[in-house]
Amino acid sequence: MRLRGVVGAAFGALVLTVAIPTAAHAALGRLDYHYGLPGATTTSLLQDPSSNKCIDIPEIVGHPLQNAFSPNNRTDEDVLLYLEADCQGPSTTLKAGTKAGPARLFKSVVFLAE
C-alpha cells in the first residue's frame, strides 16, 4: 500500500512539474532611446523587455519615415538593433551597459538572453 502511495505522489509531482509553464525571461533594466523628426525629438524607453522576442519600437509603428536613434542599453543583455520593423533588414549589436551615437538608427530590437 505504501509503495503505491509513494509512486502516486511522485507521479503527481512529475505531472505538476511538466504542466506548469515556465516564466518568460526578460532583460533587467531599460533601453533608452530618442525618436521623432529632426527638431521634434522625444525620449522614451523599454523597461525590462522580453528576451529573444522581436519588439517593434512602439512610437515608430505606423510612422515609416521615423526612426528611433541614440540607444542607451542599460539592461543586463546585449540587444540587436534592426533598421526595419519586424526585426528585418540589417542589424547591429549593442552590448549590455553601452551607448550608441545619434547615427545609430533602428525600428525594432531583440534582447539576447544568455
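Mentor: From the N terminus on, the elements of the protein chain follow the order α-β-β-β-β-β-β-β-β. Helices (H or I, at least four residues) and strands (E, at least two) are DSSP runs, numbered from the N terminus. Please note that this is a predicted model, in which local features need pLDDT of at least 70 and side-chain atom pairs count only at pLDDT 80 or more, while totals for chains, interfaces and linings use all residues. Residues are numbered from 1 along each chain as its sequence is written, and side-chain values use heavy atoms, with hydrogens and water left out.

Trainee: How many helices and strands does the protein chain have?

Mentor: The protein chain has 1 helix and 8 strands.

Trainee: How many bridges join strand 1 to strand 2?

Mentor: There are 8 bridges between strand 1 and strand 2, and the two run antiparallel. Y35 has T42 in strand 2 as its bridge partner, and G36 stands opposite T41 in strand 2. The two strands form a hairpin with 2 residues between them, and G39 in the turn has a positive phi of about 85°.

Trainee: And what about strand 1 and strand 4: how many bridges join them?

Mentor: Strand 1 (residues 29-37) and strand 4 (residues 68-75) are joined by 6 bridges and run antiparallel. R30 has R74 in strand 4 as its bridge partner, while Y35 stands opposite A68 in strand 4.

Trainee: Changing topic, which residues touch the most other members of the largest nonpolar core?

Mentor: They are L31, Y33, L46, I57, F106, V109 and F111, out of 16 residues in that core. Strand 1, strand 5 (78-82) and strand 8 each supply at least two residues of this core, and the largest share, 3 residues, comes from strand 1. A nonpolar core is a set of buried Ala, Val, Leu, Ile, Met, Phe, Trp, Tyr and Cys residues joined through side-chain atoms within 4.5 Å. Buried means under 20% relative accessible area, exposed over 50%, and partly exposed in between (1.4 Å probe, protein chains only).

Trainee: How much of the protein chain is buried?

Mentor: Buried residues make up 32% of the 114 residues.

Trainee: Where is the disulfide?

Mentor: The structure holds 1 disulfide, a term for a pair of cysteine sulfur atoms within 2.5 Å. The disulfide joins C54 to C87, with an S to S distance of 2.1 Å. The pair links distant parts of the chain, 33 residues apart: C54 is in the loop between strand 2 and strand 3, and C87 is in the loop between strand 5 and strand 6. With 105° about the S-S bond, the link of C54 and C87 is right-handed.

Trainee: Is C87 buried or exposed?

Mentor: C87 is buried, with a relative accessible area of 14%, whereas C54 counts as partly exposed at 33% relative accessibility.

Trainee: One last topic: what is the phi of D48?

Mentor: D48 has a positive phi of about 45° although it is not a glycine. Most residues other than glycine have a negative phi. D48 lies in the loop between strand 2 and strand 3 and is partly exposed, with a relative accessible area of 39%. N52 is in the loop between strand 2 and strand 3, and its phi is near 55°, a positive value in a residue other than glycine. N52 is exposed, with a relative accessible area of 52%.

Notes
Two strands pair if DSSP finds at least two bridges between them.
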